[in-house]
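Please look at the sequence and the 3D structure shown here before reading on.

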Amino acid sequence: MKAKIEFSNEKRVCHLSNREVSLVLEVKEGKVLTYRYFGKKIKEFNNSFNQPFISRGFSTTYNSENYYSLSEELIFSPTKGMGDFRISALDVTADDINHIELKFKDWKILDAKPSILNLPSSFESKESGSLTLQITQLDQIAGLELITYLTIFDIAGIITRSSVIKNYSNKEITINKATSLSLDFYPQDFDFFSLTGAHTNEANINEFKLHKGVQKIESTRGASSPQHNPFIGLKAPNTDQYQGNCYGFNLIYSGSFLGEVELSQYEHIRVQLGLNPEVFEWKLNAGQEFYTPEAVLNYSDKGLNGLSQNFHEFYKNNLITSKWNNKERPLLINTWESMYFDITEEKVLNLASKAKEVGIELLVLDDGWFENRNNDKTGLGDWVCDKTKLPNGIEGLATKINDLGMKFGLWFEPEMASLDSNVIKENPSWIIRSKGYDPAVSRYQFVLDLSNDDVIEYLKTKLDSILECGKISYIKWDMNRNITDVSNKQLQHKYILGLYKLLNYLTNKYPEILFESCASGGGRLDPGMLYYMPQCWTSDNSDAISRLKIQSGYSLMYSPMVLTNHITTSPNHQIGRVTELKVRYNIGSFFNLGVELNLENCSQEELDDLKQYISQYKNDRKFLLDSQFYRLQTTDSNDFMWLIINKEKTEFKVLIAKVLSKPGIVFSPFKLKYLNPEFKYQNQETQESYYGDELMENGVSFPRLRKDFQALVYHFKKIN
Ligand code: GLA
C-alpha cells in the first residue's frame, strides 16, 4: 500500500500511514504539537483514548483554565523550562534566553522529500516512494524556527524524521542539544533492547525492562562505535523473532550520538536519538540554519524479523547509493590475516594466482603496502607505495593482478596519520589536539582534523593520485582509533561533515569502485556509512563461531550483503578456536563472503574443498542478493538458525549451528517458517521432498551433532 498523509478536524490532526504503521499528530491548545498514536496501522483516528488531565501535586499547568500539563503530554518537540521536566529534544540558549517555547505554526505535504544539507539521508526510489510532511514550529521571542520533516515510505513500517533549526533573530544562538528523534508513548509495558559490545565482541543484544528514569546508550568517540550502535529498540514483552509489537530507531549518522529512553513519573515513555550534547554544541549566527541528521522510525507487529525486514528493504531501496547495491559482489581474498605487514610483490602475486585457481575474483592488498609501514607504529598519512616491497608500484601490481584475470583492491586509513609521517611534520596543526596538551595516542596514531578543508583537499589529492590509474576496483576504508583531545564542542560534528564531504567526492568520482567500510570491524557500522559504502567488515573477530552471534546481532538492521564475513584460518588468529573449513564456509556463506586464508599453507584437500565452496557460493550469489534473511527462533542460546528464502519462496537455505555439544540431547521437531505451505520443496542433497506446510507444522529433524562448533546447511528448491 502506498503511503498516505491525511488531515482532519480542520487540519488540527494529521495521520500518516502505510501498509503497516500509523502515526497520528494533533495540535492541542492551539499551539502544542503532540503525538496521539504510533503503532500498527489503523483505518481512522477518532480519539478513542483521550487521556484525562487531572489535578496533580507538583504539576504545572500550561493552561490555567484546565489541568492541561506538558508533563503528561506526548510532545512532538519537547523543550525545557515549560513544565515538562522530562528530557528535552531541543535546547538553545542566547544572551538573554535560557529556554524556548515552540508553538505550532503550520504543516503541509511536500511534493518531494528534501535532502539534508551535507548529510547522508534516505531518498525516494522506484521501489519505494514516500510522502513528506513539513511541520513548522516557532518561538517568536527567541527568533527561532524549527522545521521538521516526517517522511513516510511505502516500505512497511518506515518513517523518517529530521529537522532544520533556523535563527531568524539578530543575535547568536547556541544549540546545546538538537535530537533528530523525540517520540512519546502513553504508558505501556516495553522492554528496551540495543546492540552493545567492544572490539572483536560486537553486536551483543542488550535487553532489559524499562525502569523509571532515563536509560541511555551513547558514543562520545567521534564514531558510532561497537560499544553501542546508534539503535534503540522497544518491544512488548514476549515479542520474539516471529511475533509481537516492536519498534526500532536508528540514526543515519556516523559520529557520536546519544540515545535515551525515559520512563516518567506517570509511566509515559520518551525515546530520543540524535547528536550527543556531551560532545556537541553549535553556534547559529543571525540568519543561519542547522540540519540534524535523519532518524529512522520502524514499527512491526511481526516480531523482530518483521522489524529487520523493514530495515533491510529500506536501506536497500532508499539509502544505499552505491551502484553495487543491487549487484553481485566479487568474491575477494584479503592479505591481512595471511601476511599482516610482511608484504612483497612476489607473495601477493603467488597468493593471487592460487586464489585465481580456486575461483576468487578480487585480491585486496590490506595494510602494509606503503612506505614505513612494517608494523602499526609508523607510516600512516603519506600514502606513498613502498617500492622495496612492491617494486612496480601499486599500478604495476594491479596490472599484474588484472593480467591474471582478477580485480585489485586496496586498503586505506585516510583519516589517520602516524607521528613520523611527512604530512604531520609539515602540518603539525592538522592533527586533532588541544592546545598545550599532549594528544592521547591510540594504536600509535593520531586523527587528522577532517573539519579542516585543507586536510580534505590533501586527502582528495592523495587518493586521486592512486585511484586515477583506474586499476583499483575496491577500497577497504578503515578507521582504527577514536577521537580525543577535542578543543571545542563543534569539532566532532564538523569532522563528520568533512568525512561525508570527502566520501561524496570519492564515491561520485569513482562510482565503479566497491567501497567497504571498516573501523577495526564494526566500529562505524551505521546507516550513515551505508549511504556511501554498501558493505562493512563486521568484526576483527573472524572466528566463525563468534560470528554466529555478531552477524545475528547486526542482522537486526543490516542485510546479509552489507555484512562481510571471511573464511579465515584455523586455529583462528583472534581467539584460537579450531573449526572445520566446512563450518567456516557454511556460516560465512549466509553473508557477503570473502577469504582471508594463507592459501600457500592449505593442503590440496583444503584447496579442493575451498574451490568447491567458492563455486557453490558464486552459484548462490544471485539468490542471496535477492532473498530475505530471517533469524529462526531457537530456545537455547547455544543454537543459531538462519533462513534465507527468495521472495517467490521457491528456494531456501537453512543453517543450523551448535556452539557446544551437549549431553541429554532432546529431539524435538524444528518447525521452519516463512515457506509457502502450498509448495513442495526438495532437499538438494538427499532429494527428499515435503510440502511447505509439513515443514512448518510438523517440523524437521536435524542429525545429532556430537562435536563442538558445528554448522550444517540445508538447501531446498521447489519442485512441481
Ligand atoms: C583493522 C582492520 C583489519 C585490518 C587492520 C590493518 O584492524 O579491521 O581488517 O585491515 O586494521 O591494520
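The sections below describe the ligand site and then a few salt bridges in this predicted model.

## The ligand and its shell

The ligand is surrounded by 13 residues, and the closest of them are D366, D367, R443, K476 and D540. Sorted by class, this shell holds six charged, four nonpolar and three polar residues.

Taken alone, the ligand would expose 300 Å², of which the protein buries 97%.

## A buried pair across the chain

Side chains of opposite charge can pair when their charged atoms come close. The whole structure contains 45 salt bridges, and one of them joins R86 to D184 with an N to O distance of 3.7 Å. R86 sits in the loop between β4 and β5, whereas D184 belongs to strand β10, so that the pair links distant parts of the chain, 98 residues apart. R86 counts as buried because its relative accessible area of 9% is under 20%, and D184, at 2%, is buried too.

## A pair within a helix

K460 and E457 form a salt bridge whose closest N and O atoms are 3.2 Å apart. Both residues lie in helix α6, three residues apart, which means that about one helical turn separates them. K460 is buried at 15%, whereas E457 is partly exposed at 41% relative accessibility.

Technical notes: Residues numbered from 1 in each chain as written. Predicted model: local features only at pLDDT ≥ 70, side-chain atom pairs only at ≥ 80, totals over all residues. Heavy atoms only, no water. Near = heavy atom within 4 Å. Areas by Shrake-Rupley, 256 points an atom, 1.4 Å probe, with all protein chains shown as cover. Nonpolar A, V, L, I, M, F, W, Y, C, P; charged D, E, K, R; others polar. Salt bridge = Lys/Arg side-chain N within 4 Å of Asp/Glu carboxyl O. Helix = DSSP H or I, 4+ residues; strand = E, 2+ residues; numbered from the N terminus. Buried < 20%, exposed > 50% of the residue type's maximum accessible area, 1.4 Å probe, protein only.
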